[in-house]
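Thanks for coming. I have one structure to go through, and I will keep it short.

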Amino acid sequence: MAILIKNATTVVTMDVTLSELAQADIRVENGVITDIGTGLTDAEDTIDATGCIVTPGLVNTHHHLYQTLTRAVPGGQDALLFGWLQTLYPIWSRFGPEEMFTSAQIGLAELALSGCTLTSDHLYLYPNGARLDDTIAASHEIGMRFHPTRGAMSIGESDGGLPPDALVEDEAAILEDCVRVIDAHHDPREGAMVRVGVAPCSPFSVSRDLMRDAALLARDKGVMLHTHLAENDEDIAYSLEKFGCRPGQYAEDLGWTGPDVWHAHCVKLDGKEIDLFAKSRTGVAHCPCSNCRLGSGIAPVRAMRDAGVPVGLGVDGSASNDAGNLAAEARQAMLLQRVANGANAMSAREALFIATRGGAEVLGRPDCGQIALGKRADIAIWDVTSVESAGSWDPAALLMAGPTQVKHLLVEGRQIVRDGHVTSIDLPRVVERQNALARALMG
Ligand SMILES: [Zn+2]
């Protein structure tokens with residue numbers, strides 16, 4: 001079925017020439033963009049984009065969807081990373097399949113409303129029968145393109161680790177479950193709706209052996225690798241004390257660099273590590289709100305981009321943001337580089353590039369992140385006729401002013417947001433369910 005997006009005020013394509021088209025139409029057929037121009041006709045369905053800016057769907061490269069159930073938990077509101085984790089671990093240990101499914105529905109809906117069409121997720125704890133499959137089921141329901149990663153923790157408190165013993169798993173069982181979820185769900189083909197990654201939680205919650213074995217397994221299976229790296233000063237100190245080297249060196253020694261690897265945060269990478277990431281094409285998921293919320297610092301995104309490191313954007317888990325609005329996150333990325341490096345350090349267009357094509361490149365998805373012929377029809381349509389856009393002179397206003405919620409959203413050519421509402425699930429009912437689950441966890 002062909003769909004026409006008609007009369008967009010501006011299409012910000014993020015294509016090879018970064019072209020911007022005025023009064024343009026886009027034709028979508030079988031999940032793919034098949035025509036871009038003016039005066040296009042002949043389609044079974046038409047979406048009126050009069051008064052709208054059209055962009056590629058945003059791409060989220062780091063999240064922990066389950067944490068939407070633990071936003072603004074009192075004991076963790078003002079803690080640093082390690083203290084924050086120790087407050088939340090006991091609550092997370094009471095989660096099960098229903099908590100994972102419902103919190104993923106909420107997190108995915110929140111992302112979709114903010115223009116996101118492709119998201120990764122990092123689920124690294126599996127209490128009470130929870131499985132990665134619970135979140136994949138939620139992504140199928142809402143219709144979001146999804147890159148779940150099979151995370152893991154294996155070093156509990158009794159072994160000198162941070163998480164309680166009840167939340168860690170046996171390393172052989174972790175690797176076995178990685179194989180199971182890859183075989184069951186991973187789709188390597190162009191246009192894939194689900195791709196699975198392998199993602200031990202962080203160097204301080206698994207052994208050196210598991211880091212190495214995870215990299216070997218991922219390469220054997222042809223899937224990507226993801227973890228947290230160099231998030232704050234405590235993280236660097238831990239690495240120097242326990243491993244005798246900085247995180248970049250640790251990653252390189254264990255096979256954790258390359259175009260099939262992306263690391264979350266990287267706030268504390270030094271110049272040598274930035275060069276290593278650039279040379280090896282190792283990706284970074286930049287999470288500015290989470291870095292602000294936990295006081296971790298300002299990631300050297302300007303230096304990374306100048307060196308050629310692939311950088312995408314991530315909202316990070318909702319317990320440390322505590323929002324999951326990817327458009328607002330793009331604005332924050334722009335602002336934070338300006339805090340560190342001055343007003344000309346990052347333009348709105350560069351931040352939007354990072355939030356779209358940058359993220360698609362980090363996730364190994366050259367078929368996404370651009371409005372160009374043959375690319376997947378993942379498209380965000382932003383109404384710029386209301387109050388927050390009134391008086392704006394340029395599409396840059398999208399990040400400099402707003403809106404931060406879409407009017408319409410297409411994923412693989414299917415409209416999952418229409419007139420500002422999620423069409424694929426009964427969101428008010430899911431919100432009610434989520435709040436009931438949160439109340440039960442508080443009790
Ligand atoms: Zn994270």
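In which helix is Ser139 found? Ser139 sits in helix α3, residues 132–142; helices here are DSSP runs of H or I with at least four residues, numbered from the N terminus.

Some ground rules. This is a predicted model, where local features need pLDDT of at least 70 and side-chain atom pairs count only at pLDDT 80 or more, while totals for chains, interfaces and linings use all residues. Residues are numbered from 1 along each chain as its sequence is written, and side-chain values use heavy atoms, with hydrogens and water left out.

Back to Ser139. Its relative accessibility is 1%, so Ser139 counts as buried (under 20% relative accessible area, 1.4 Å probe, protein chains only). A polar atom of the Ser139 side chain lies 2.8 Å from the backbone oxygen of Ile136. Leaving aside neighbours within four places in sequence, Ser139 is in contact with Leu108, Met144 and Phe146, contact being heavy atoms within 4.5 Å.

Next, the cores. A nonpolar core is a set of buried Ala, Val, Leu, Ile, Met, Phe, Trp, Tyr and Cys residues joined through side-chain atoms within 4.5 Å. The largest one has 117 residues, and Trp84, Trp92 and Trp256 have the most contacts inside it. Apart from that core lies another, of 17 residues, among them Ile26, Ala49, Val54 and Ala377. With neighbours within four places in sequence left aside, the contacts of Trp256 include Val198, Pro200, Met211 and His263.

Definitions and conventions:
Buried < 20%, exposed > 50% of the residue type's maximum accessible area, 1.4 Å probe, protein only. Helix = DSSP H or I, 4+ residues; strand = E, 2+ residues; numbered from the N terminus. Polar contact = N/O pair within 3.5 Å; in protein donor to acceptor, adjacent residues only side chain to side chain.
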